[in-house]
Amino acid sequence: MRRERETSRWLCVLLALSLVLLSPVQSHAYAGPGAGFAVLSSLWTLFVAFLYSAYAFLTWPLRHLLRLFRRRQSSGKAQIKRAVILGFDGMDPELAQRFIAEGKLPNLAKLQQQGSFHKLRTTYPPISPVAWSTFMTGVNPGKHNIYDFLARDEKSYLPFLSSAEIKGPKRSLKIGKYTIPLGKAQVKGMRRGTPFWHWLGKAGIFSSVIRVPVTFPPEKFEGVLLSGMCVPDLKGSQGTFCFCTTRKEVEKFREGGVRVPIERDGKTYRSYIPGPDDPLAESGGRELRSEFEIRPDPAKHQAEVILDTERCTLKVGEYSDWMSVKFKAGLGFSARGICKFYLKEITPEVEVYVTPVNIDPGKPDLPIAHPVTYSIYLAKLFGPYATLGLAEDTWALNEKVLDDDAFLAQCYSNHHDREQMLFDALEKTKSGLCACVFDTTDRVQHMFWRYFEEGHPAAREANGNKRPEVIPDLYRKMDDLIGKVMKQVDSDTLLLVVSDHGFKSFARCVNINAWLHQNGYLALKTGRTESGDWFEDVDWSRTRAYTMGLNGIYLNVKGREREGVVQSGTEVESLKEELRSKLDGLQDPESGKVGITNVFDCDATYAGPYVENAPDLLVGYTAGYRASWDSVMGKVTTQIFEDNLRAWSGDHCIDPREVPGVLFSNRKIADENPAIVDIAPTILKLFGVALPGNFDGKPWTVTGESLPKMGPAAFP
Amino acid sequence: MSLLHSPLLLVFLLSIVIGFLMVIVFRYTSDQKAIRVAKDHLKAHLLAVRLFQDQIQVVLISYWRIVRSTGTYLRLAFMPLLYVSVPLIFLMVQIDRYLGYTPLPTGQTFLVTAKLANSEALDQAVVKLPDGVTLTAPAVHVPAVREIVWRLSADAKGTGSLEVTAAGQSVTKSLEVSDGIKRISTIRLYDRWWERIFVSAEPELPASSGVQSIEVNYPERTISFAWMEWNWIWLFFVLSLIFGFLFKTILGIEI
């Protein structure tokens, strides 16, 4: 029966084709607008392609000569034709060595044996935006101005994102109740210093840079770049997920997400995705929304999700593909993004998790790539992808909105997209620099350390559901990726596998604000024993020091802070010394272990024009300890030490000496104590490009040819 | 002239209706996702030429991929075309009978050509004209192609038929004298069924008649639009593309 249908279908097709082809009259050969569009657009595409190609061909010799001329002018003899830098955020050298010894990482083992392996000194503090900024600029934080994810406003004591500032358009037009923005949002990068690919470009060397942190907003240079960590979501935050539920709970999420009610309407459920603020609203703060429907089918254990014109059917525990979401503001203004749905439950309650609304890479509302068309190119080639800086939703797992499997699925989905981008960049960059940073290593270790370490407090509830294999699996997957890259590396290519820092347990929280309060350095308003977030109820007139963010302690300096009380000069110096002497070696009363190994004076740690923006002191926690969740958010509690019970159970914001990164290379690196700050000058030197004078890093001595045609190693 | 007798308006209406129907048919007979992916790949390779223009090898590879993606896109776009082509071709053949030619005008001469099975019968061939149509010149015989040509003139509007007799058998051919939109058959044929389907709107000539075809040279119709004279099919092509584009955008259909 089926075969008959197939046969008759093909007969129809043949008949139709014959009619079209054999029809003798011109007018009958036209078969509607579909064919018209197909033919016209194909011809147009070919025509445009021909024009582009002709332009590229005709001008190539001239451009090639210009490039050669620029190279001659600014460079010496290059030792390499191409540099491939694979960044694995948070890859830990001790774990890597352990897994290599266990035979789990054959490709890294091969690099170690035939090339080099070193621990890579990281930055103070060992936090990704700080370390990657140093990686790309070759300078210490005093010269690139990034000290943490957050910086504090001295006037308000409130935090702001340290890497970029997004403001509305400069001008607007007020018509009645509307304020119409004239122009685009202004994005100002706060990171200073010049990435080394800029210097390569000046010397006519092309670079492909993918998702290196703190590259938002993208800067112009000769090459292509997709911004990484610090790209905001459509709300302007660093990632706000949405949890839609029929459960009547009132408790808000602490961070990173909003709870949205689902309303039942017969067999259909309706909810909405919160979007950015209405740009037309006079006073601001009116949130745009995009509504969607859920139609559960309990019998099939699935539901249909309808968002605008798109729809998808999801099984419980399944993610959708990226879906377009539009927030309409009126007068034709709208904001556009992409998100994924995750169907968590359909009976007895309906619960749907929605990822933070990412900037649509195919139609970006904010610049996320250089040139702007690069993000569009990648979206057209591979489909939509996560653009948010912190694309793996750690907050949703912390808040138990996502479970372990859902979180891992999200991580590896993003990782897969990144791999595709990397291999495309490798194909397109046969000479020059190809640098790509993978975040999966960082996020998975943050969230799954609790199962990896025996007796971690965050795993107490897990009982039989512990997943100790997740971190070894992670390293194995990264090793597979490295193996695939090694296949594409020839003897003229330098391959570096680097991480910005290592990883350790985060079992105990330390609230420095609580310690400062209990030791008389921070005062609360009369009658208060605890503060709210961001120093609510702090009496600044009696406060000499405070902390916010991950490692910094700030003094309340007169003339600098709005209500500063500490005189700059001797008083500041003696207070710093006093705090250091008391905090160094601070003991955890419960375990008797030292929670803080060292407190560093930033004046002695940093040098450069932006030192004034640095904290006054940096806390170097012992492995196993980190700033408490409350302390990070400027909250004073009564407990100084407490267990960390969150899924976010591994960390690296500790004493930098305890968490160096990794450095694997396919060439011999002679230096015994390499640092992340040395990478930029080393790459420039290997390409024969003159080093700018302000570098803090020193180029390594890299010897020998790369291992020729390194194939991936096989598992033993 | 009523609006429905305006060829321009008819072409507009047809373009809207067919533009809409074709876009809908396209939607349901095509692999929308595959078309979207193919178009996206095309655009990506185009962008690659621009983004990596200094890498001549990348430009060459991208150009090859553009050609390959164009092939994929055309293949995907033409599959639905195959589904719609049969009804659409027959529909357009019918429309062409109304809009392709104008009826014969009064007071002007026109030619009628009869092709016979053998040239010996040319001398016996005669034409009998309907009322209001007159012969304006003697018949011209072209033995090399077995044709006989009459020059005629119509003095009055109306629908009639002329009768050609050859080898003792008579056959008729319709004749339309008017100034409106009429269904017109320019030729009546013997055999050649394939051609009959597309160009003739009359029954087949009988085999015994010895006449292979009778053709009337109706004037081709042109339609004035945008300061230009258009053949209806070209105008339909342009307008249906425009309306199709509007509908596909409104309905979110990938073409």
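Colleague: In E23(A), which residue is the bridge partner of Leu226(A)?

Modeller: Keep in mind that this is a predicted model. Across in E23(A), the bridge partner of Leu226(A) is Ala369(A).

Colleague: Thanks! What is the strand order of the open sheet of eight strands in chain A?

Modeller: This sheet has mixed pairing. At its edges are strand E2 (116–120) and strand E23 (369–370) of chain A, each pairing on one side only. Reading across, the order is E2-E34-E25-E1-E24-E9-E10-E23.

Colleague: At about what angle to E24(A) does helix H10 of chain A run?

Modeller: Helix H10 covers residues 404–428 of chain A. The strands it lies across are E1 (82–88), E9 (207–212), E10 and E24 (432–438) of chain A. Relative to E24(A), helix H10 runs at about 175°.

Colleague: Let's look at a helix pair. Are H11(A) and H12(A) roughly parallel or roughly antiparallel to each other?

Modeller: Helix H12 spans residues 470–487 of chain A, and its axis lies 8 Å from that of H11(A). The two pack at an angle of about 155°. Angles over 145 degrees count as roughly antiparallel. H11(A) and H12(A) are therefore roughly antiparallel.

Colleague: Which residues in H12(A) are met by those of H11(A)?

Modeller: From H11(A) come Thr440(A), Thr441(A), Val444(A), Gln445(A), Phe448(A), Tyr451(A) and Phe452(A). By class, the residues of this helix contact divide into eight nonpolar, three polar and no charged. On the H12(A) side, the residues met are Val470(A), Ile471(A), Leu474(A) and Met478(A).

Colleague: Which element gives the largest share of the side of domain 1 of chain A that touches domain 3 of chain A?

Modeller: The C-alpha centres of these two domains lie 30 Å apart, and their contact takes 27 residues from domain 1 and 26 residues from domain 3 of chain A. On the domain 1 side, the elements giving two or more residues are helix H6 (141–144), helix H9 (394–398) and helix H11 (440–452) of chain A. The largest share, five residues, comes from H11(A).

Colleague: And what radius of gyration does chain A have?

Modeller: Chain A holds 17 helices and 36 strands, and its C-alpha atoms fill a box of roughly 100 × 70 × 60 Å along the principal axes. For 716 residues, a compact globule would have a radius of gyration near 27 Å, and the value for chain A agrees with that. Chain A has 28 Å.

Colleague: Now over to chain B. Which helix gives the largest share of the side of domain 1 that touches domain 2 of chain B?

Modeller: Chain B is divided into domain 1 (3–100 + 224–251) and domain 2 (109–216), with 39 Å separating their C-alpha centres. The contact takes five residues from domain 1 and seven residues from domain 2 of chain B. The largest share of the domain 1 side, three residues, comes from helix H3 (residues 56–99) of chain B.

Colleague: One last thing: which residue in E6(B) stands opposite Val126(B)?

Modeller: The open sheet of three strands in chain B has the order E2-E6-E7, with antiparallel pairing. Three bridges join E2(B) to strand E6 (residues 158–166) of chain B. In E6(B), the residue opposite Val126(B) is Thr165(B).

Terms used:
Residues are numbered from 1 along each chain as its sequence is written. Chains are lettered from A and ligands numbered from 1 in the order in which they are written. This is a predicted model: local features need pLDDT of at least 70, side-chain atom pairs count only at pLDDT 80 or more; totals for chains, interfaces and linings use all residues. Domain bounds come from an automatic or database domain assignment. Two residues are in contact if their C-beta atoms, placed from the backbone, lie within 7 Å. Helices (H or I, at least four residues) and strands (E, at least two) are DSSP runs, numbered from the N terminus. Axes are lines fitted to C-alpha atoms, for helices over the stretch in contact, and angles run from 0 to 180 degrees between N-to-C directions. Angles under 35 degrees count as roughly parallel, over 145 as roughly antiparallel, 65 to 115 as roughly perpendicular and the rest as oblique. Ala, Val, Leu, Ile, Met, Phe, Trp, Tyr, Cys and Pro count as nonpolar, Asp, Glu, Lys and Arg as charged, and the others, Gly among them, as polar. Two strands pair if DSSP finds at least two bridges between them. The radius of gyration is taken over C-alpha atoms; the globule rule is 2.2 Å times the number of residues to the power 0.38.
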